[in-house]
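Subject: Structure handover

Hi,

Here is the structure you asked for. My notes follow below it.

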Amino acid sequence: MDFLRSIFHQAPEIALFAALALGYWVGKFRFGSFQLGGVAGSLLAAVLISQVGVTIDSGIKAVLFALFIYAVGFESGPQFFRSLGRQSVKEILMALVVAVSGLVTVVVIARVFHLDKGLAAGLAAGGLTQSAIIGTAGSAIEKLGLAPDEVQRMQANVAIGYAVTYIFGSFGAIIMCVNVLQWLTGRKIREDAIQAEQELLKGVRVYGTGESPAVPDLVGRIFRVGQAGRTVAELEASATANGGTVTVERIQRRNAMVGVDGSLALEAGDIILLVGRRAAVVALGASVGEELQGAEGMDVVMVRRDVAISNRQYLNRSVKDILDSLSQEFKHGVYAVALMRAGTPVPIAPATMVMPGDVVTLFGTPQDVQKAAQSVGPIIVPSDKTDFVFHGLGITVGLLIGLLVLRLGSIPITLGSGGGALLAGLLFGWWRSRKHTFGNMPTAASTLLRDLGLAGFVAMVGLQSGQQAVTTVMQQGLTLFLLGVVVTIVPLLIAMLFGKYVLRYDNVAVFAGSLSGARSANPAFGEILDKAGNSIPTAPFAITYALANVFLTLLGPLVIAFA
């Protein structure tokens, strides 16, 4: 034990990474359908390691949490702002129900078990994992007109109640929002997240890393012309007349390459490369002649490029209207294969409206795509580099927002560093979706920020509070700890029943995001994201989390008033 204490004293960061390693290892084990998960495992591992005695700077915790919550906001900004409106009423009611039921639960427990106002406020702060309650409750205690010694004693009790109940407040929220919610609804977060994503995509198929269709839509095939007479332009026009799009990209005549020109008449024996939509190429090829498996010199390099649609002449118009207005020369050899809006695929249908911020994926030869992009907008160059100027500014703005305090009478209301970083992430993510030439953050980088930020933050909580919590429980007995368990579970259970039977959430991934945000339960939300495998739970979480920072903070003086 002394050996470990000496190591952690010299390098406390070892304790942090040891908690992450042990926690994620423990989190992999399954007990029937129950799995602890890496976040909850890291918390438990950190509590265990903290018993050795670890002193680690709180600034690390603040940095890790800021990285996590900013990355979540950045990924979800476009979807969040699209989801605002009447459909947000459910999230508002969810946050309100959690706050009110939390207040009632704490007040009833305080009166039944004769807890003083300080312990009651500590129960609320730890059981509901809202640290801001410590500050608002402490300020309210000062205004009770008590003797200075009594004020100091009650404020110390706030800290004791918080220390004893916070660990289960974090851990219990994970169990309730992930495991119990899935059991209560009879649905799986992962399955509902996939279903919601498919509905959002409106039938557009999205392929994962390393996946590709066995029968691609765009193909290139080589044919030997059987009958002379038709020009290149006439051959391409015949495909257009039949509702398809095909271009002649290369011509070989008597073992020599011939420049492709619309007026060039094809001769029998010419070898041509047709590129276009598969059905149209197959149909046209049947009238051209024999298909060849290959021919030397007939290969052409094709590229896919994402292009931000910035030219105003293409915005707020339907796809059909835009295509009808383009010249044949402009469209020749260029295919629009995908349309993205705020990071979500949009079907390229005749009636689809092109909106500001949309990104179109063009396919064709480098020359043709470059020519088209000059009219459409800038090409988005793929990069594995993160724009640290943009994101450093984003986190700075978020933390500055978190310093702002709005006072309702004597009650200070603030988003805090977490709420500020989340808001900045949402705004900067939305701005990135409108201006694609800066603010790059590869998916892998964003995932690392989320996973390391959240798990590291939770482990820091365990390392800093675990020893004090265990010591206090041993001194005070289990009563205070068990009361904290009730404060954690009851409001979440009420909110679950309210969400299921009154709000009628039909998607458990969305339900879980809303519930965890309403409880300001960041560790639970991280586990939900891991289960979902996509960002579906994030939009409802962002709405309820912002509200929870206000509603739950207000509980401090209310508990002091009514307990």
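Salt bridges come to nine in this predicted model. One of them joins the side chains of Asp217 and Arg277, at 2.5 Å from N to O. That pair links distant parts of the chain, 60 residues apart. Asp217 sits in the loop between helix H9 (189-201) and strand E3 (218-225). Arg277 belongs to strand E6 (residues 271-277). Asp217 is partly exposed, with a relative accessible area of 43%. Arg277 is also partly exposed, at 26%.

Strand E3 comes up again in the pair Glu291 and Arg221. Their closest N and O atoms are 3.7 Å apart, in a salt bridge. Glu291 lies in strand E7 (residues 289-292) and Arg221 in E3, so this bridge ties together parts 70 residues apart in sequence. Glu291 has 35% relative accessibility and counts as partly exposed. Arg221 is partly exposed too, at 26%.

Arg450 and Asp451 form a salt bridge through their side chains, at 3.9 Å from N to O. Asp451, at 39%, is partly exposed.

Now the helices. H5 (residues 89-112) packs against H18 (residues 479-501) at an angle of about 145 degrees. Their axes are 9 Å apart. The crossing is right-handed. Which residues of H5 meet H18? On the H5 side they are Leu93, Met94, Val97, Val98, Ser101, Gly102, Thr105, Val106 and Ile109. Their counterparts in H18 include Leu483, Val486, Val490, Pro491, Ile494 and Phe498.

There is also a nonpolar surface patch to look at. Val89, Leu93, Leu96, Val100, Val104, Val108, Val112 and Phe113 form it, with about 660 Å² of accessible area together. Leu93 is named in this patch and also in the contact with H18. Val112, another patch member, lies in H5. Val112 counts as exposed because its relative accessible area of 54% is over the 50% limit.

Last, Lys331. This residue lies in helix H13 (residues 328-331). Lys331 is partly exposed, at 27% relative accessible area. Leaving aside neighbours within four places in sequence, Lys331 is in contact with Leu323 and Leu326. The C-alpha atoms of Lys331 and Asp368 are separated by 8.7 Å, and the two residues are 37 apart along the chain.

Best wishes

Methods: Residues are numbered from 1 along each chain as its sequence is written. This is a predicted model: local features need pLDDT of at least 70, side-chain atom pairs count only at pLDDT 80 or more; totals for chains, interfaces and linings use all residues. Side-chain values use heavy atoms; hydrogens and water are left out. Patches are made of residues with over 30% relative accessible area and no salt bridge: like charges are joined within 9 Å, nonpolar side chains (Val, Leu, Ile, Met, Phe, Trp, Tyr) within 5 Å. Accessible areas come from the Shrake-Rupley method with a 1.4 Å probe; for residues, only the protein chains shown count as cover. A salt bridge is a side-chain nitrogen of Lys or Arg within 4 Å of a carboxyl oxygen of Asp or Glu. Helices (H or I, at least four residues) and strands (E, at least two) are DSSP runs, numbered from the N terminus. Buried means under 20% relative accessible area, exposed over 50%, partly exposed in between (1.4 Å probe, protein chains only). Axes are lines fitted to C-alpha atoms, for helices over the stretch in contact, and angles run from 0 to 180 degrees between N-to-C directions. A crossing is left-handed if the near helix is turned anticlockwise from the far one by less than a right angle, and right-handed if clockwise. Contact means heavy atoms within 4.5 Å.
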